[in-house]
Amino acid sequence: MRKLRAGIIDKLIEKKATGAEIDFLLWLSHHQNEEGKVRGVYYKDVVADLYISYQTFYNVKKSLAEKRIIEVSKDSRFYDDWEIQILDNDFSGEELQPGRTTDSYLNTGLDIFYRREFYTMKANEKLMTMLYVKIAGAGSPNYHIGTAKFFEKYTKLLCVTKRTLQNYLTGIRRWFSIGIKDRTYWINPLRKKVYRENGRSDKSERAGQIAGSLCRRFRLEEAGKAYAAIKSLAEQYTYKVRIDLEPALMEALRDHLIHINGSILPRRWRRRRINEKYLHQLLLERLPEGAYA
């Protein structure tokens, strides 16, 4: 569910978010459920995807929590990952419309938010880019503002000088056509760079996070095969049921391992190879009546 509320972008600006904080929040938005939560956030996954150090991961997780942009918690059953909630980013009560943006949120599934060019930009350049992509997605592709008003507004908003702001405009030209006419700035996204298809889907990314998390948490055998089986089930039911799918899948997987090992105690589990059909059956038993959307 690749969306960020407009208010979160405002908060990032207000709290003077760093580039690494913005990157991590975007990563979370690519893997969150409808309520804005990501379970099983594993530091090695984030480090590999964002090309950051282990220490940067821990620093950013802590700083975003201190700024009240995310909330971090632990499932006591699993010691090496976290559950992270993006605060004020709950879309569970709304109809899902992947690929569409409004003035109330930013579509973070666009190609621009996966490209290394974006992640190497300065923090305020990223924030300006996010703002203008959101505005364009709301039906105003040709954002225009008087030059004097532009500098007055954004020097105050970003707490920078006019010269620095001019440098930011140069930096974001890789994504936007920026021109001046009649003392007015016209800012228009370069569609082939911003909106180009990247082969990723909302369902696939969410399902991949679920599968990777469960394979690691339950230390499953034949990890590649198990990952593919769990991801397939997650993709099949993501957005198809009204309930939070991941806890149901987790409990179905736990029931599966209890059954094949004859014990409810994980320390006694010697067999950790799953049968996809049996897991599917257990998942269906976990879905309550009326669960389907």
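Is arginine 2 buried or exposed, and at what relative accessibility? I began with this residue in the predicted model, and I found that arginine 2 counts as buried, because its relative accessibility is 11% and the cut-off for buried is under 20%.

I then looked up its partner, and noted that arginine 2 forms a salt bridge with glutamate 205, with the closest N and O atoms 3.3 Å apart. Arginine 2 sits in the segment before β1 (3-5) and glutamate 205 in helix α10 (residues 202-217), so this pair ties together parts that are 203 residues apart in sequence. Glutamate 205 also counts as buried, at 12% relative accessibility.

Next I turned to glutamate 21 and lysine 67, whose side chains meet in a salt bridge at 2.8 Å, N to O. I placed glutamate 21 in helix α2 (residues 19-31) and lysine 67 in the loop between α4 (54-66) and β3 (70-73), so the pair ties together parts 46 residues apart in sequence. Glutamate 21 is buried at 3% relative accessibility, and lysine 67 is buried with a relative accessible area of 19%.

Last, I checked the confidence: the mean pLDDT of the chain is 90, and 95% of its residues reach 70 or more, but pLDDT stays under 50 over residues 96-102.

Notes:
Residues numbered from 1 in each chain as written. Predicted model: local features only at pLDDT ≥ 70, side-chain atom pairs only at ≥ 80, totals over all residues. Heavy atoms only, no water. pLDDT = per-residue confidence, 0-100. Contact = heavy atoms within 4.5 Å. Salt bridge = Lys/Arg side-chain N within 4 Å of Asp/Glu carboxyl O. Helix = DSSP H or I, 4+ residues; strand = E, 2+ residues; numbered from the N terminus. Buried < 20%, exposed > 50% of the residue type's maximum accessible area, 1.4 Å probe, protein only.
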